[in-house]
Amino acid sequence: WLKLKPVVPSCTQPLDTEISAMARPVFLLLLSFLAATPSAAVTWIKGAGGASCDQTCAARSGCSEDAWPSSEEEFLTAAKEAGQECVGTQAGGAKYDPSTDGRYCGWSGPDHMDDSEKRCAASGDSGTYRFCPCNSDKEL
């Protein structure tokens, strides 16, 4: 059996300093994990053909304008969560991206949008299915 030796705090440093020093790496690891997963708080839903994300997320506490993927890797994770496997993926660049035609996917939105324009409100034609970052995983 394994015998554990109790850790006795040093008499030269206060106990709270040692605990603080031990907790710091754990806190930094947690912080870096949260920073690396910005879309963790949303549920990705593939909308109906021609629907905006505002429409798609209406029954799921709305669409999150702050959760759009910033890399192809983030997008592929979102598409998979939404139940889509893309045959091919390209940057896209349309206001309604990320989206799919059912096989091929475009992941990044336009390089620049007017501040008054919201990506959640954009929609494509009836053959375009948007990937939407909804604020809730359950319909209201």
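Entry 1, core. I looked up the largest nonpolar core and found 19 residues, of which Trp44, Cys53, Cys63, Trp68, Phe75 and Phe131 touch the most other members. S1, H3, S4 and S5 are the elements that give two or more residues to this core. I took a nonpolar core as a set of buried Ala, Val, Leu, Ile, Met, Phe, Trp, Tyr and Cys residues joined through side-chain atoms within 4.5 Å. Buried is under 20% relative accessible area, exposed is over 50%, and partly exposed is in between, with a 1.4 Å probe and protein chains only. Helices (H or I, at least four residues) and strands (E, at least two) are DSSP runs numbered from the N terminus.

The model is predicted: local features need pLDDT of at least 70, side-chain atom pairs count only at pLDDT 80 or more, and totals for chains, interfaces and linings use all residues. Residues are numbered from 1 along each chain as its sequence is written, and side-chain values use heavy atoms, with hydrogens and water left out.

Leaving aside neighbours within four places in sequence, cysteine 63 is in contact with Cys53, Asp54, Cys57, Trp68, Cys120, Pro133 and Asn135.

I traced an open sheet of five strands in the order S1-S5-S3-S4-S2, with mixed pairing; strands pair if DSSP finds at least two bridges between them. Strands S1 (43-46) and S2 (88-92) stand at the edges with a single partner strand each, so one side of each has no neighbour in the sheet. Helix H3 (residues 72-81) packs on the sheet and touches S1, S2, S4 and strand S5 (129-134).

Is arginine 60 buried or exposed? I found arginine 60 buried, at a relative accessible area of 15%. Arginine 60 sits in the loop between helix H2 (53-56) and H3. Not counting residues up to four places away in sequence, arginine 60 touches Ile45, Cys134, Asn135, Ser136, Asp137, Lys138 and Glu139.

Entry 6, rings. I searched the whole structure for aromatic pairs and got two. Rings of Phe, Tyr and Trp (its six-membered ring) pair with centres within 6.5 Å; planes under 30 degrees apart are stacked, over 60 edge-to-face, the rest tilted. Phenylalanine 75 and phenylalanine 131 have ring centres 5.4 Å apart and planes at 70 degrees, so the pair is edge-to-face. Phenylalanine 75 is in helix H3 and phenylalanine 131 in strand S5, 56 residues apart.

Key. Contact = heavy atoms within 4.5 Å. Axes fitted to C-alpha atoms, helices over the stretch in contact; angles between N-to-C directions.
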